[in-house]
Amino acid sequence: MRWNYKRVLGLGFPVFIFAISFYVYYVVVYPVFTQFYAANGYLWLSVILGIFFHAFFIMFLWSYVACTFSDAGSVPARLRQPKSNIDVGGAMRYCDRCQAFKPERCHHCSTCEECVLKMDHHCPWVNNCVGYNNYKYFVQFLFYAALVCAYTFCTLLHRAIVGIVRLLF
């Protein structure tokens with residue numbers, strides 16, 4: 001994984017993701033679990049909901065960090081040779097920027113400045129290419145992000161409904 005000015009400037013998105021994540025953590029854990037459930041005599045519910053939230057949140061952060069900092073899958077070193085040194089009979093494409101032969105589904109990323117195996121796309125939110133080695137982490141990141149969002153929404157919705165019922169009755 002090469003670092004250039006595009007990659008350094010792209011660190012703003014991961015910093016933003018971490019800031020939003022910990023803001024959501026603060027909004028859910030402090031007011032909902034400690035002030036709402038525990039203060040109203042539902043300590044057991046606060047503990048159960050808190051355990052699930054923390055498990056989902058830790059898995060979300062783990063998959064995000066794994067996707068962000070793992071190598072997407074660069075071309076093997078044995079293929080990084082000048083075009084004249086290897087004769088493959090036209091079976092493989094050659095990247096003039098990387099000075100390497102490219103296997104199938106390998107594409108050059110202009111942001112990372114390298115060829116990536118089975119490249120899906122360059123994701124600015126993880127500041128990395130999504131490719132052969134980190135595709136699993138990217139899908140897990142999306143799954144756990146959706147799960148944390150849905151769980152947070154349901155928890156806050158329950159708190160809002162209970163608050164409205166208390167006001168009305």
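Q: How many helices and strands does this protein have?
A: The secondary structure comes to 4 helices and 6 strands, and since this is a predicted model, everything said here describes that prediction.

Q: And what pattern do they follow along the sequence?
A: Read along the sequence, the protein follows the pattern α-α-α-β-β-β-β-β-β-α.

Q: What share of the residues is buried?
A: Of the 169 residues in the protein, 38% are buried. The accessible surface comes to about 10200 Å², and 68% of that surface belongs to carbon and sulfur atoms.

Q: What about contacts between residues at least 24 apart, what share do they make up?
A: If you take the contacts between residues at least 6 apart in sequence, 57% of them join residues at least 24 apart.

Q: Then what are the angle and distance for H2 and H3?
A: Helix H2 and helix H3, the latter covering residues 43-69, pack at an angle of about 175 degrees, with their axes 10 Å apart. Angles over 145 degrees count as roughly antiparallel, and H2 and H3 are therefore roughly antiparallel to each other.

Q: Which residues make that contact?
A: On the H2 side they include Phe 13, Ile 17, Phe 18, Phe 22, Tyr 25 and Val 29, and on the H3 side they include Leu 45, Leu 49, Phe 53, Phe 57, Phe 60 and Leu 61. By class, the contact of H2 with H3 has 19 nonpolar residues and 4 polar ones, with no charged residues.

Q: What angle does H2 make with H4?
A: Helix H2 (residues 12-37) and helix H4 (residues 135-168) pack at an angle of about 40 degrees, and their axes are 11 Å apart.

Q: Is the crossing of H2 and H4 left-handed or right-handed?
A: H2 passes H4 in a left-handed crossing.

Q: That leaves H3 and H4, so how do their axes cross?
A: The axes of H3 and H4 come within 8 Å and cross at roughly 150 degrees, and that makes H3 roughly antiparallel to H4. H3 passes H4 in a left-handed crossing, and the residues of their contact divide into 20 nonpolar, 3 polar and no charged.

Q: Where does Tyr 42 sit?
A: Tyr 42 is in the loop between H2 and H3, and at 38% relative accessibility it counts as partly exposed. Leaving out residues up to four places away in sequence, Tyr 42 touches Tyr 37 and Arg 166.

Q: Switching to the strands, is His 108 buried or exposed?
A: His 108 lies in strand E3, residues 107-109. Buried means under 20% relative accessible area, and His 108, at 18%, therefore counts as buried.

Q: What is His 108 in contact with?
A: Setting aside neighbours within four places in sequence, His 108 is in contact with Cys 95, Arg 97, Cys 98, Lys 102, Glu 113, Glu 114 and Cys 115.

Q: And what about Cys 109, where is it found?
A: Cys 109 is found in strand E3 too, and at 3% relative accessibility it counts as buried. Beyond its neighbours within four places in sequence, Cys 109 is in contact with Glu 114, Met 119, His 122 and Cys 129. The C-alpha atoms of Cys 109 and Met 119, which are 10 residues apart along the chain, are separated by 8.5 Å.

Q: What is the phi of Glu 113?
A: Glu 113 has a positive phi of about 60 degrees although it is not a glycine. Most residues other than glycine have a negative phi. Glu 113 is in the loop between E3 and strand E4, and it is partly exposed, with a relative accessible area of 30%.

Q: And what phi does Asn 127 have?
A: Asn 127 has a positive phi of about 55 degrees and is not a glycine either. Asn 127 lies in the loop between strand E5 (121-123) and strand E6 (128-130), and at 4% relative accessibility it counts as buried.

Note on methods. Residues numbered from 1 in each chain as written. Predicted model: local features only at pLDDT ≥ 70, side-chain atom pairs only at ≥ 80, totals over all residues. Heavy atoms only, no water. Axes fitted to C-alpha atoms, helices over the stretch in contact; angles between N-to-C directions. Helix = DSSP H or I, 4+ residues; strand = E, 2+ residues; numbered from the N terminus. Left-handed = near helix turned anticlockwise from the far one by under 90°. Buried < 20%, exposed > 50% of the residue type's maximum accessible area, 1.4 Å probe, protein only. Contact = heavy atoms within 4.5 Å. Areas by Shrake-Rupley, 256 points an atom, 1.4 Å probe, with all protein chains shown as cover. Parallel < 35°, antiparallel > 145°, perpendicular 65-115°, else oblique. Nonpolar A, V, L, I, M, F, W, Y, C, P; charged D, E, K, R; others polar.
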